[in-house]
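This briefing is meant to be read with the sequence and the coordinates open side by side. The points are grouped by topic, so that each residue can be located before its surroundings are considered.

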Amino acid sequence: MSKYTSVSIPLTLHKRLEKLIAKKTGFKSVSDYVTYVLREVVAMHEMKEVPEPFTSTDLAEIKERLRALGYL
Amino acid sequence: MANPPHGGKLVQVKQSSKDSSALAGFKQNQKLQVSKETATVVSNIANGIFSPLEGFMGENDYLNVLEHMRLENDVPWTIPILLLGPHNHHFGSGDQILLVNEADQPVALMEYEGNFEISREEYAAKVFGTDDKAHPGVAKIFAGNECAISGKLKAAVKPDHGDYADFTLTPKETRILFAEKGWNTVVAFQTRNAPHINHEYLQKSALALVDGLFVNPVLGKKKAGDFKDEVILATYQAIMANYYPKDSVVMSVLHYEMQYAGPKEAIMHAIMRKNFGTTHIIIGRDHAGVGNYYGPYAAQEIFKEFPDLGMTPMFFREFYYCTRCAGIASEKTCPHGEEEKLAFSGTKLRKMFADGEVPPKEFMRPEVSQAISKFKHPFVE
């Protein structure tokens, strides 16, 4: 099951976030908001590090099949 | 470059022939029979369509998906992928199990990790949002086993897709296809229907904003009243040959059993298409819904909860032919009422085709109607 931990942020930032969340609907707490933002940022970085999942042999064989089927 | 796979890795399970020596010599108590639908799930795991899953879920992933709509490692996931089987097995941790089909032919080799009990009531409530057994997904869960057997696939037999083999592409193949076509942005269209005019406008509106369109109809077990697989394929071939630009649209089929889980299934549809390499997905009205279980745009709302999904949903209101506008309109662009909307219920459409009639061209392209009319029984009974 999902577990939680604490991350320290400046109290001043926490207050700003509380004000922001009070104005906008959708987030129940500062923690929800911070989790949302961090997931977005982490995903953006992770996406940059993914290599293509095929080899040059795969590439040649697959292109041949795609040509034979009329896709290329 | 295609969209990176979900969870950062395109899973590729070794594919063996059914006569492979690695799959021979298993005794009856080392085998587990699986349904045709489960065999399809196996194939989807093996080809990476369900990446990053490498097998059937264990209890931690299962509970996390139910409670948080995420795998244990925080990757978004909304519908459990379970192997529900009998309690009376004697598998131990690390055992190699041969999954076989109803004809006792090998489907896959799986390393057993464990099993756990599911609560059908909890599953139905959390995945489908209802315990009503009239819902096809709920009915299926209540008709099945409660013992979930988990394990990683070690090898899988390449399935025989018969008449659909030439229309079936794996994620590896579509990724190369998109790259060869030079498409950086690709929008996926999920469908279990023959194309109406409204679907065509939905797809073309989305295509106007990206490099390519990937039409990906679902073939597999569906509910009564849905179009049969062969009809869906024939109608898409007809519309694509006559109305779609060849250099910016491709179609391949997805073998998958619809769950009718509405919003949660919309996320799964996006994840599968992300693994195929698309960057966007069209989400229209009542996506993956059935009856009145989900709000008409609930499947759009749920995307707000996944900032890290890695797919851009393209939301559209319903398109239709408005007799007053004398053209295709949508709920967003047309001010007229229901009485001006040219629409046919599924029941009415089925009756029309049964009576040898065809819908007007403002509702369905004549080539599509003709393709349907060639089938004596176009609908699932």
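In which loop of chain B does B:Asp226 lie? In this predicted model, B:Asp226 is found in the loop between strand E9 (212-219) and helix H7 (229-243) of chain B.

**B:Asp226 and its surroundings**

- B:Asp226 counts as buried because its relative accessibility is 8%, where the cut-off for buried is under 20% relative accessible area.
- The side chain of B:Asp226 is joined to the side chain of B:Tyr260 by a polar contact of 2.8 Å.
- Leaving aside residues up to four places away in sequence, B:Asp226 touches B:Arg192, B:Tyr260, B:Pro378, B:Phe379 and B:Val380.

**B:Leu99 in strand E5**

- B:Leu99 belongs to strand E5 (residues 96-100) of chain B, and with a relative accessible area of 0% this residue is buried.
- When residues up to four places away in sequence are not counted, the residues that B:Leu99 touches include B:Leu32, B:Val34, B:Val42, B:Phe56, B:Leu83 and B:Leu153, and among them are also B:Pro106, B:Val107, B:Ala108 and B:Met110.
- Although B:Leu99 and B:Gln30 are 69 residues apart along the chain, their C-alpha atoms are separated by 8.8 Å.

**Helix H2 of chain B**

- Helix H2 (residues 59-68) of chain B holds the buried residues B:Asp61, B:Tyr62, B:Asn64, B:Val65 and B:Leu66.
- These buried residues of H2(B) pack against strand E6 (106-117), helix H3 (120-128) and helix H8 (263-275) of chain B.
- Just after H2(B) comes B:Met69, which takes a positive phi of about 60 degrees.

**Aromatic pairs and a cluster**

- Over all chains, the structure holds 14 aromatic pairs.
- One of these is the tilted pair of B:Tyr123 and B:Phe128, with 6.1 Å centre to centre and 45 degrees between the planes; B:Tyr123 and B:Phe128 are both buried.
- Another tilted pair is formed by B:Phe316 and B:Phe319, with 6.2 Å centre to centre and 45 degrees between the planes, and both B:Phe316 and B:Phe319 are buried.
- B:Tyr123 and B:Phe128 also belong, together with B:Tyr62 and B:Phe116, to one aromatic cluster, and B:Tyr62 is one of the buried residues of helix H2 of chain B described above.

**The interface of chain A and chain B**

- Contact between the chains involves 21 residues of chain A and 33 residues of chain B.
- The size of an interface is often given as the accessible area lost when the parts come together; between chain A and chain B the buried area is about 2500 Å², of which carbon and sulfur atoms give 66%.
- Four salt bridges are found across the interface of chain A and chain B, and A:Lys63 forms a salt bridge with B:Glu180 in which the closest N and O atoms are 3.4 Å apart.
- Seven residue pairs, with both residues at pLDDT 80 or more, are counted in polar contact between chain A and chain B.
- On the side of chain A that touches chain B, helix H2 (30-48) and helix H3 (56-68) of chain A each supply at least two residues, and the largest share, six residues, comes from H3(A).
- The residues on that side of chain A divide into 14 nonpolar, one polar and six charged.

Technical notes. Residues are numbered from 1 along each chain as its sequence is written. Chains are lettered from A and ligands numbered from 1 in the order in which they are written. This is a predicted model: local features need pLDDT of at least 70, side-chain atom pairs count only at pLDDT 80 or more; totals for chains, interfaces and linings use all residues. Side-chain values use heavy atoms; hydrogens and water are left out. Contact means heavy atoms within 4.5 Å. Buried area is the accessible area (1.4 Å probe) that two parts lose on being put together, summed over both. A salt bridge is a side-chain nitrogen of Lys or Arg within 4 Å of a carboxyl oxygen of Asp or Glu. A polar contact is a pair of N or O atoms within 3.5 Å; within protein, one must be able to donate a hydrogen and the other to accept it, and residues adjacent in sequence count only if both atoms are side-chain atoms. Helices (H or I, at least four residues) and strands (E, at least two) are DSSP runs, numbered from the N terminus. Ala, Val, Leu, Ile, Met, Phe, Trp, Tyr, Cys and Pro count as nonpolar, Asp, Glu, Lys and Arg as charged, and the others, Gly among them, as polar. Buried means under 20% relative accessible area, exposed over 50%, partly exposed in between (1.4 Å probe, protein chains only). Rings of Phe, Tyr and Trp (its six-membered ring) pair if their centres lie within 6.5 Å; planes under 30 degrees apart count as stacked, over 60 as edge-to-face and the rest as tilted.
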